[in-house]
Amino acid sequence: MTRAEARERNRRALLDAAFQVVSRDGYRAKLEEIAERADLTTGAIYSLFGSKNGLVVALVADCLRPYYEEVEQVLPAGLDLLEAVDAFARYYRRSCDDPDALSRLSLQITLLDMALHDQELASRLATSIRSQEDHLIALFTGRAHDGGFVTSRQAQRMTTALRALFVGLGQGVPLGLAPAADEEYFAAIARALVSGASLIDHDSDPS
């Protein structure tokens with residue numbers, strides 16, 4: 001095994017261990033336990049991630065990256081905006097039924113709690129999440145809609161609205177709080193949102 005391969009193996013082991021410990025303990029998570037689960041030392045965490053916050057930020061990026069890679073596959077370039085939003089909504093709803101949906105929800109809630117206790121971490125998490133969402137904004141930009149094409153700013157506004165909608169619904173599904181929210185419901189409400197005011201650029205609206 002080369003040095004680079006060993007480094008990547010250690011990085012992967014620490015991220016997997018951090019997912020388990022951080023999901024359970026939140027801001028009380030101990031670096032010592034994370035390192036022990038990965039069969040490494042805390043020195044490896046500092047060497048690879050710089051700090052506990054660095055490890056948490058890397059964990060979030062690691063969880064989001066495959067999600068956005070899959071989204072790219074379900075949103076081919078030939079779809080117009082409403083078709084793309086429909087496909088995205090259905091994909092998001094299916095992800096709520098994944099075996100690890102509850103684990104992801106636990107991590108999501110835990111990260112919010114951690115951010116409330118650490119402003120520096122909150123800022124770094126926001127930056128990381130925005131950089132990942134840029135991929136989704138790019139996927140919606142330029143799609144045909146209502147006789148024109150979606151601008152980057154419109155796609156950004158729409159992505160913000162869709163994220164708020166799906167996060168709320170997505171938290172309810174694994175907990176059994178949204179029993180009627182099937183794929184058709186997700187798709188219909190997402191299309192309605194996009195057909196409404198979420199695309200309006202108020203900064204340039206003469207009214």
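**A helix contact in its setting**

Modeller: The secondary structure of the protein chain in this predicted model comprises nine helices and two strands. Read from the N terminus, the elements follow the order α-α-α-α-α-α-α-β-β-α-α. The C-alpha trace of the protein chain spans about 60 × 35 × 35 Å along its principal axes.

The part to examine is the meeting of helix α1, residues 3-25, with helix α3, residues 42-49. The axes of these two helices come within 10 Å and cross at roughly 110°. Angles of 65 to 115 degrees count as roughly perpendicular, and α1 and α3 are therefore roughly perpendicular to each other. On the side of α1, the contact is made by R7, N10, R11, L14 and L15. On the side of α3, the residues that make the contact are A44, I45, S47, L48 and F49. Sorted by class, the contact of α1 with α3 has six nonpolar residues, together with two polar and two charged ones.

The side chain of R11 meets that of E8, with 4.0 Å from N to O. Both residues belong to helix α1, and because they are three residues apart there, about one helical turn separates R11 from E8. In the whole structure, a search finds 16 salt bridges.

L102, L175 and L177 make a nonpolar surface patch of about 330 Å². L102 is located in helix α6, which covers residues 101-117, whereas L175 lies in the loop between α8 (152-172) and α9 (183-195). In sequence, L102 and L175 are 73 residues apart, yet their C-alpha atoms are 8.0 Å apart in space. When neighbours within four places in sequence are left aside, L102 is in contact with P174 and L175.

Definitions and conventions
Residues numbered from 1 in each chain as written. Predicted model: local features only at pLDDT ≥ 70, side-chain atom pairs only at ≥ 80, totals over all residues. Heavy atoms only, no water. Patch = residues over 30% accessible without salt bridge, like charges linked within 9 Å, V, L, I, M, F, W, Y side chains within 5 Å. Areas by Shrake-Rupley, 256 points an atom, 1.4 Å probe, with all protein chains shown as cover. Helix = DSSP H or I, 4+ residues; strand = E, 2+ residues; numbered from the N terminus. Axes fitted to C-alpha atoms, helices over the stretch in contact; angles between N-to-C directions. Parallel < 35°, antiparallel > 145°, perpendicular 65-115°, else oblique. Contact = heavy atoms within 4.5 Å. Nonpolar A, V, L, I, M, F, W, Y, C, P; charged D, E, K, R; others polar.
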